[in-house]
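Here is my note on the model, point by point. Please keep the structure open while you read.

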Amino acid sequence: MLDIKDNKLYLDEISLYDIAQSYGTPCYLYSKNSLVKEFNEYKNAFSNLNHTLICYSVKACSNINILKIFKDIGSGFDIVSLGELERLKYIKADPSKIVFSGVAKSDKEIEDSLDYGILFFNVESIDELENINRIAADLNKTANISIRVNPDIDPKTHPYISTGLKSSKFGIEINQALEVYTYANQMENVNPVGIDAHIGSQIFEISPFIDSLDKLIALYKNLKDKGINITYFDIGGGLGIKYFDSDEPPSKKEFADRVIDKMKDLNCTLILEPGRSLVGNAGYLLTSILYKKKNYDKDFLIVDAGMNDLLRPSLYNAYHKIEEVVKVNGDRSKYDIVGPICETGDILGKDVELPKLSKNDVLVIHSAGAYGHVMASNYNTRPKAPEIIIDDGGSKLIRKKDMLSQLMENELLNE
Ligand code: LLP
């Protein structure tokens with residue numbers, strides 16, 4: 001949340017204008033206070049349930065400093081790649097609080113995760129299950145697994161981020177799950193310990209989560225009848241956040257109360273994999289105006305951040321609130337905020353109401369903490385923006401801006 005003082009926007013007592021001056025733009029900015037607050041909200045909301053493990057979904061924002069903050073306040077992690085595992089090893093995250101998700105884990109990912117001693121793999125296919133069993137046998141280990149089921153639930157969100165529908169590539173069909181668990185249970189080097197589902201992201205209704213949980217609980221009971229005792233329920237991530245001022249996502253408490261109601265008698269550990277709802281609104285992208293132009297009836301502000309810095313508006317037509325960091329009185333009109341990239345889709349905001357602004361004026365793009373910097377690219381050979389955190393009343397650089405020489409580092413000029 002930003003505050004306004006003397007017509008300037010502040011994040012945790014630090015002026016956004018000053019940050020732009022000190023670090024240059026574009027730059028990503030995070031509030032440690034918000035990260036901690038969001039995490040504690042989850043923790044408190046679920047405190048009535050005996051065993052809950054929050055596994056922050058690393059893919060949402062994977063800077064090692066952010067990971068370290070979550071580690072220090074007791075978070076576990078949900079990962080999907082060798083790279084994310086390396087990040088966690090680097091910060092010495094507790095392996096017994098790591099779950100490995102993702103639709104296709106490579107042999108190396110499985111080996112290194114077994115070696116590090118992660119809590120379990122969320123298995124997405126029979127092929128993958130057999131592969132995990134084979135690798136675990138080679139390493140003389142037993143792999144704890146949970147089966148990610150596809151419950152065929154419509155999470156009522158953007159189709160690109162719906163993952164629990166029949167048509168999606170994720171998980172194992174719920175009707176097949178019993179058979180797959182029975183198969184897994186007979187394997188020498190695999191130990192089924194959990195049930196998992198992740199139905200999508202930016203979800204605003206609690207009922208799809210509960211419908212999915214009901215299906216998992218029915219499966220849990222069937223498994224119990226067959227002598228397969230599951231001790232972990234991983235219900236994935238997906239809770240939505242506010243992007244529009246008018247958005248009213250469910251609170252973590254509302255979500256927790258409904259989930260606890262279902263889980264309280266099961267005596268299982270609940271695992272949550274939140275990403276966006278922990279970091280989304282803790283992050284901002286600052287950008288400066290380079291040029292103004294009018295084409296026919298459209299007024300454009302061309303800024304120094306582009307779709308390579310924040311892809312969500314181009315990729316999902318996602319809305320991010322944009323405003324000026326130094327408030328100006330007077331008439332406001334509508335502008336399209338576009339970046340310098342050579343693509344028509346390089347749009348950060350459409351019809352944004354802003355006052356008359358000039359070159360070098362700074363804009364802040366809200367809700368950029370989740371799937372912001374992590375989805376940035378070097379398209380147009382542009383350096384990725386630096387990342388800064390506000391912590392203890394001061395700002396700290398947590399990722400340098402790419403150097404142009406780094407962008408060519410792996411290229412080989414054949415002369
Ligand atoms: N667990 C699994 C298995 C996931 O695939 C995801 C996100 C999460 C947890 C975390 O979900 P969250 O709490 O953040 O909703 N790039 C898209 C979002 C993709 C989400 C991918 N999976 C966007 O910018 O909206």
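1. Start with Glu 324. This is a predicted model, and in it Glu 324 is buried, with a relative accessible area of 1%. Its salt-bridge partner is Lys 327. The closest N and O atoms of that pair are 3.6 Å apart. The value of 1% is under the 20% limit, so Glu 324 counts as buried.

2. Across the whole structure, the search finds 27 salt bridges.

3. Look at Lys 59 and Asp 78. Their side chains form a salt bridge, at 3.6 Å from N to O. The two residues are 19 apart and link distant parts of the chain. Lys 59 sits in the loop between strand 5 (52–57) and helix 3 (64–72). Asp 78 belongs to strand 6 (residues 76–79). How does burial compare between the partners, buried or partly exposed? Lys 59 is partly exposed, with a relative accessible area of 31%. Asp 78 is buried, at 2%.

4. Another pair is Arg 134 with Asp 107. They form a salt bridge, and the closest N and O atoms are 3.1 Å apart. Here too distant parts of the chain are linked, 27 residues apart. Arg 134 lies in helix 6 (residues 126–138) and Asp 107 in helix 5 (residues 107–116). Arg 134 is partly exposed, with a relative accessible area of 39%. Asp 107 is also partly exposed, at 34%.

5. Now the helix packing. Helix 8 (residues 207–225) packs with helix 9 (residues 252–263) at an angle of about 15°. Their axes are 10 Å apart. The crossing of the two helices is right-handed.

6. Which residues make that contact? From helix 8 come Ser 207, Phe 209, Ile 210, Leu 213, Asp 214 and Ile 217. They meet Phe 255, Arg 258, Val 259, Lys 262 and Met 263 in helix 9.

7. Three strands form an open, antiparallel sheet in the order 1-2-3. Strand 1 (2–5) and strand 3 (14–15) are the edges, and each pairs on one side only. Strand 2 (residues 8–11) pairs with strand 3 over two bridges, in the antiparallel sense. Tyr 10 stands opposite Ser 15 of strand 3.

8. Check the backbone at Asn 7. Asn 7 is not a glycine, yet has a positive phi of about 65°. The residue is in the loop between strand 1 and strand 2. Asn 7 counts as partly exposed, at 44% relative accessibility.

9. Ser 367 also deserves a look. Ser 367 has a positive phi of about 55° and is not a glycine. Its place is the loop between strand 19 (362–365) and strand 20 (387–391). Is Ser 367 buried or exposed? Ser 367 is buried, with a relative accessible area of 3%.

10. Last, a peptide bond. Thr 25 and Pro 26 are joined by a cis peptide bond, with omega of about -5°. Pro 26 is found in the loop between helix 1 (16–23) and strand 4 (27–31).

Methods: Residues are numbered from 1 along each chain as its sequence is written. This is a predicted model: local features need pLDDT of at least 70, side-chain atom pairs count only at pLDDT 80 or more; totals for chains, interfaces and linings use all residues. Side-chain values use heavy atoms; hydrogens and water are left out. Two strands pair if DSSP finds at least two bridges between them. Helices (H or I, at least four residues) and strands (E, at least two) are DSSP runs, numbered from the N terminus. A salt bridge is a side-chain nitrogen of Lys or Arg within 4 Å of a carboxyl oxygen of Asp or Glu. Buried means under 20% relative accessible area, exposed over 50%, partly exposed in between (1.4 Å probe, protein chains only). Axes are lines fitted to C-alpha atoms, for helices over the stretch in contact, and angles run from 0 to 180 degrees between N-to-C directions. A crossing is left-handed if the near helix is turned anticlockwise from the far one by less than a right angle, and right-handed if clockwise. Contact means heavy atoms within 4.5 Å.
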